[in-house]
Amino acid sequence: MKTPLLTLLVCFTVVCSQAQVRVLIETDSIDRKKLNQQYPLAVSPREQATTRDLTFQKLAGDYWQDFNRFLNRKGFRTDTSVTVLAEGYFRPDGHADLLLLSYPMRIRQTGGQPPKPIRLPPDKEEQLRQLLTDYLTTRPLPVTSALIMGPFRLMMYINPGAPTTRKRVRGPGIIDNLPMAIATTRPDTVKRIVFGGLQLDRVPDVIYRFTNVEEISLSGNYLTYLPARLTQLPRLKRLDLATNRLRDDSVSFTRNRHLTSITLQNNAFTTIPRSIRRNRRLQSLWLGNNDLTALNGRAFSRLRRLTDLNLYNARLTALPSQLAKLRRLTVLDLYYNQFTTLPTAIGRLHHLEQLAVAHNKLTERPASLSGLRNLTTLFAHHNQLSQLPETLPKLPHLKVLDIGYNGFSVVPDVLPLVASLEELDLSNNDLQELPASLTRLTHLKKLYLRQNPFLRSQDLTPASAQLIDRLEANRTEVFH
């Protein structure tokens, strides 16, 4: 008898613990300051800018997205769309203690009256509170973050109002909803399927009717698994799976020679799925907004036709040497990562035309650029650069160079030697003056100089004003 009684006692304790969640409308009587001290922000603005804990942010976003889905399934509807700020106070295990709701959206009244918040009607507000209580009690936030060491606070906007009308995609050969896909009598004429934002949790079987389809978009859904059967559609060229719930082991591609573009942005990948290498004719691969800290370069070795690689905001500090095997790569996007120096493998991408390394932590002059003889565009703004490599003039086709928001106190001597430049951005640096040598850039069409010290005085110095006049006389548009 002791075991059943003990089990019952444990279950009762758990239920009581879960039942402690409270959902309240914020009032002046709530001591917000004390609460915020007890429950620090899960990811502070500083941590978002530096550590960018993508795994936690993705889980938190999915958690509230699931709540909106929960509202729809419960039939919760209002006549108007109302935005609510939900501020949750959670225990380290992900269970909520308290949720405060407030209405941040305001409208200005007529007749000089002060603004008033757009609120839910009292009955709908009470219904929303009860639904939130049920949801928070039965679904703890899945916490998998090194940043969570104790109780934490999480803020998120939710929209309990009428759902936004999904924008229709119309045109010949296009299917953009399930009833239309089921009803069509000419599946052979369909070239494009747009099932984005349909709240799908699986790939619908009706897709396989369309054996001539060339493009499929399943973005913005709840997919957790990609069946191999999908990539067996014989004419499929472009596949968009952005903003779903896909993980490393939940994607299966079959060997094929037809897929040329795959988008996997904003999922839960930590590396490139192994089966991606079976797409032998793949030209474009977008993997941004995933936490690719376990990036394995072996997948690159088979993607010999890849021309466009997007690794935007992927928490990368290094790139595998196998990247150099992408001999045909022309576009590489590494925005919002954590590089302190440019990976040497990039210097062997001799066909690269556009390189984006902005919003990183680059401090060293990127010497490996010298091998990029076909480079036309380099975005390196928002870094910590103060020098450029002496080999920069060896890039004979460089037309666009953006090194704004760095630490340049003087214009690098090497810049006027890059004769091919057509657009140069030096904004938001620490430049004290402009050298007359900039007039050597005879092909320069646009020069951005905003927010530099030599411009902060009320009037330009005569030397700077004369130089800008000379540049403009050479048909260079100067922004200052």
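Author: In this predicted model, the largest cavity is lined by Leu342, Val357, Leu362, Pro366, Leu369, Leu378, Ala380, Leu385, Leu388, Leu401 and Ile403, and about 60 Å³ of space lies within that cavity.

Reader: What makes the lining of the largest cavity nonpolar, polar or charged?

Author: Ala, Val, Leu, Ile and Pro are among the residue types that count as nonpolar, and the lining divides into 11 nonpolar, no polar and no charged residues.

Reader: How many cavities of 30 Å³ or more does the structure hold?

Author: The structure holds 1 cavity of 30 Å³ or more.

Reader: What lines the second largest pocket, and which residues are the closest to its centre?

Author: The second largest pocket has a volume of about 360 Å³; of the 20 residues that line this pocket, Leu54, Gln57, Lys58, Leu59 and Asn267 are the closest to its centre. Its lining divides into 4 nonpolar, 11 polar and 5 charged residues.

Reader: Why are helices α4 and α5 called oblique to each other?

Author: The axes of α4 (residues 54-73) and α5 (residues 122-138) come within 11 Å and cross at roughly 125°. Angles of 65 to 115 degrees count as roughly perpendicular and those over 145 as roughly antiparallel, with the rest, apart from those under 35, being oblique, and α4 and α5 are therefore oblique.

Reader: Which residues make the contact of α4 with α5?

Author: Tyr63, Trp64, Asp66, Phe67, Phe70 and Leu71 of α4 meet Leu128, Leu131, Leu132, Tyr135 and Leu136 of α5, a set that divides into 10 nonpolar, no polar and 1 charged.

Key. Residues numbered from 1 in each chain as written. Predicted model: local features only at pLDDT ≥ 70, side-chain atom pairs only at ≥ 80, totals over all residues. Heavy atoms only, no water. Axes fitted to C-alpha atoms, helices over the stretch in contact; angles between N-to-C directions. Helix = DSSP H or I, 4+ residues; strand = E, 2+ residues; numbered from the N terminus. Contact = heavy atoms within 4.5 Å. 1 Å grid on protein atoms, 1.4 Å probe; cavity = no way out; pocket = protein on both sides within 12 Å on 5 of 7 lines; lining within 4 Å. Points joined across faces, edges and corners; volume = space filled by probe spheres on them.
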